[in-house]
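Please keep the sequence and the coordinates at hand while reading.

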Amino acid sequence: MHKTAAVIFDLDGVIVSTDEFHYLAWKELADAEGIPFDREDNERLRGVSRMESLDILLEKALKPYSDANKADMAERKNAMYRGLLERLSPADLLTGVAEVIDGLRLRGVKIAIGSSSKNASRILKAIGLADTFDAVADGTHITRSKPDPEVFTLAAHLVGIPPEQCLVVEDAHAGVEAGVAAGMRVLAVGPAADHPSATLRAKDLSAISLDEMLSHRTA
Ligand code: B16
Ligand code: MG
């Protein structure tokens, strides 16, 4: 049995609800282009990189888009998303996050971020957590997005803890798969809690104790 020596948090949907801002920005882009897009479509974009998200959105497009069109659309979406991010403050931390972070630090467990987002530093700064984590691995450091394990493998490497001693916390199916592929235990929260490969499940981080998170029982 291995002890849990590091917890690697996904950012969007786990630490803070930027997932709603992603939806609003993609929706505005889709409406402007006359492409059908709803919240159910948006669920498929959780944890997926910006360009892969655009490809999913374009599955329902009525005309073809060139690579230059797509680069422009991704840029427009990101500008709208960044506008929405300006509303973020430390009050936007999701339920239970501050308590879990404090508890893990008190126990000497390393904490890291493993996010597909290229806006992770901006978000962490806005919510007052820029200096909180022992390491941040994000979309600016990786070439393959979740469900590839790269971002979690990098986060574990940066905190110097082997995968079998890491717990990933994720809200996306693609993220749960990435954590499992990295050889880590995975706590699935929110919409990912129905994923069969998760090690642990909880509605949110207030609904699970630190002892449960760090123990190695399966759910
Ligand atoms: P950006 P996470 C992911 O963040 C989001 O879940 C996903 O919806 C988004 O497309 C991706 O980041 C890229 O974000 O456009 O800011 O680079 O959940 O991995 O923290
Ligand atoms: Mg997420």
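In which kind of crossing, left-handed or right-handed, does H1 pass H4? The crossing of H1 over H4 is right-handed, a crossing being left-handed if the near helix is turned anticlockwise from the far one by less than a right angle and right-handed if clockwise. The model is predicted, so local features need pLDDT of at least 70 and side-chain atom pairs count only at pLDDT 80 or more, whereas totals for chains, interfaces and linings use all residues. Residues are numbered from 1 along each chain as its sequence is written, chains are lettered from A and ligands numbered from 1 in the order in which they are written, and side-chain values use heavy atoms, with hydrogens and water left out.

Two packed helices are described by the angle between their axes and the distance between the axes. For helix H1 (residues 18–33) and helix H4 (residues 67–85), the angle is about 135° and the axes lie 9 Å apart. Axes here are lines fitted to C-alpha atoms, for helices over the stretch in contact, and angles run from 0 to 180 degrees between N-to-C directions. H1 and H4 are therefore oblique to each other; angles under 35 degrees count as roughly parallel, over 145 as roughly antiparallel, 65 to 115 as roughly perpendicular and the rest as oblique.

Helices (H or I, at least four residues) and strands (E, at least two) are DSSP runs, numbered from the N terminus. Strands E4 and E5 run parallel and are joined by four bridges, where pairing requires that DSSP find at least two bridges between two strands. One of the residues involved is Glu170, whose bridge partner in E5 is Ala188. E5 is largely enclosed by the rest of the structure, because five of its five residues are buried, that is, under 20% relative accessible area with a 1.4 Å probe and protein chains only. Arg185, Leu187 and Val189 point one way from E5, and Val186 and Ala188 the other way.

Between E4 and H8, the loop contains Ala172, which counts as buried because its relative accessibility is 0%. Beyond its neighbours within four places in sequence, Ala172 is in contact with Arg46, Gly47 and Ala192.

Helix H8 (residues 173–181) has Ala174, Gly175, Val176, Ala178 and Gly179 as its buried residues. Their cover includes helix H7 (150–159), strand E4 (166–170) and strand E5 (185–189). After H8 comes Gly183, with a positive phi near 80°.

Conventions
Buried means under 20% relative accessible area, exposed over 50%, partly exposed in between (1.4 Å probe, protein chains only). Contact means heavy atoms within 4.5 Å.
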